[in-house]
Amino acid sequence: RSSTVVNAVAREMLSGLQAYSLSGTVMQIGVNKLRIDVPYLFGLSIPADSDLRVREVVVVPGTEIFAETKKIDAQFEREVAAYRPGVGVSPPVRSALLPVRLGDIRVGDIITVQANGSDLKQVLEITASRITKKSE
């Protein structure tokens with residue numbers, strides 16, 4: 001009964017909001033699937049017994065998978081020195097994205113999942129368009 005109430009409250013709190021990406025910790029790895037624990041959504045803690053807490057991520061042939069890595073200081077400093085603010089020009093960032101394979105993701109990794117602009121807040125099985133493994 002309490003988990004039914006928790007789920008109803010969680011869904012009500014999230015109504016009207018849209019989540020185009022979710023971040024969570026990899027709990028299990030299967031064949032072209034990941035199970036992730038999503039403890040927060042919109043900065044709000046999702047109760048452990050909520051059905052919104054655990055999500056299945058399906059990896060299809062078109063899924064892009066990246067690992068976020070920290071740039072070496074010298075490279076970042078060169079980019080900062082060369083940066084000239086302007087319209088449509090983004091400032092340098094400390095991290096870079098490197099293409100990786102599903103096999104490079106491990107249990108315990110933190111990942112962010114996107115699904116072609118879909119609202120993911122209440123989707124329990126997500127067909128991923130992009131997965132980004134966060135740097136350690």
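**Entry 1: Val93**

I began with Val93, which, leaving aside its neighbours within four places in sequence, is in contact with Lys71, Phe76 and Glu79. I note at the outset that the model is predicted.

I then looked up where Val93 sits, and found it in the loop between α2 (73-82) and β6.

Is Val93 buried, partly exposed or exposed? I read its relative accessibility as 46%. Buried requires under 20% and exposed requires over 50%, so Val93 counts as partly exposed.

**Entry 2: the chain as a whole**

I next turned to the overall make-up of the protein chain, which has two helices and eight strands. Reading from the N terminus, I wrote down the order α-β-β-β-β-β-α-β-β-β.

I looked up burial for the chain and found that 31% of its 136 residues count as buried. The exposed surface comes to about 8300 Å², and carbon and sulfur atoms supply 55% of that area.

I also checked the contacts in the chain with a separation of 6 or more, and 66% of them come from residues 24 or more positions apart.

**Entry 3: strand β5 and its partners**

Which strands pair with β5? I went through them in turn.

- Strand β2 (residues 33-37) pairs with strand β5 (residues 54-70) in the antiparallel sense, over five bridges. Here I noted that Ile36 has Arg55 in β5 as its bridge partner.
- Strand β8 (residues 125-133) runs parallel to β5, and eight bridges join the two. In this pairing, Phe66 has Thr132 in β8 as its bridge partner.
- Strand β6 (residues 95-99) runs antiparallel to β5, with five bridges between them. I recorded Leu98 in β6 as the bridge partner of Ala67.

**Entry 4: Glu56**

Is Glu56 buried or exposed? I found a relative accessibility of 16%. The cut-off for buried is under 20%, and Glu56 therefore counts as buried.

What does Glu56 touch, not counting residues up to four places away in sequence? I listed Lys33, Leu34, Arg35, Leu124, Glu125 and Ile126. I compared this list with the strand limits: residues 33-37 form β2, and residues 125-133 form β8.

Methods: Residues are numbered from 1 along each chain as its sequence is written. This is a predicted model: local features need pLDDT of at least 70, side-chain atom pairs count only at pLDDT 80 or more; totals for chains, interfaces and linings use all residues. Side-chain values use heavy atoms; hydrogens and water are left out. Helices (H or I, at least four residues) and strands (E, at least two) are DSSP runs, numbered from the N terminus. Buried means under 20% relative accessible area, exposed over 50%, partly exposed in between (1.4 Å probe, protein chains only). Contact means heavy atoms within 4.5 Å. Accessible areas come from the Shrake-Rupley method with a 1.4 Å probe; for residues, only the protein chains shown count as cover. Two strands pair if DSSP finds at least two bridges between them.
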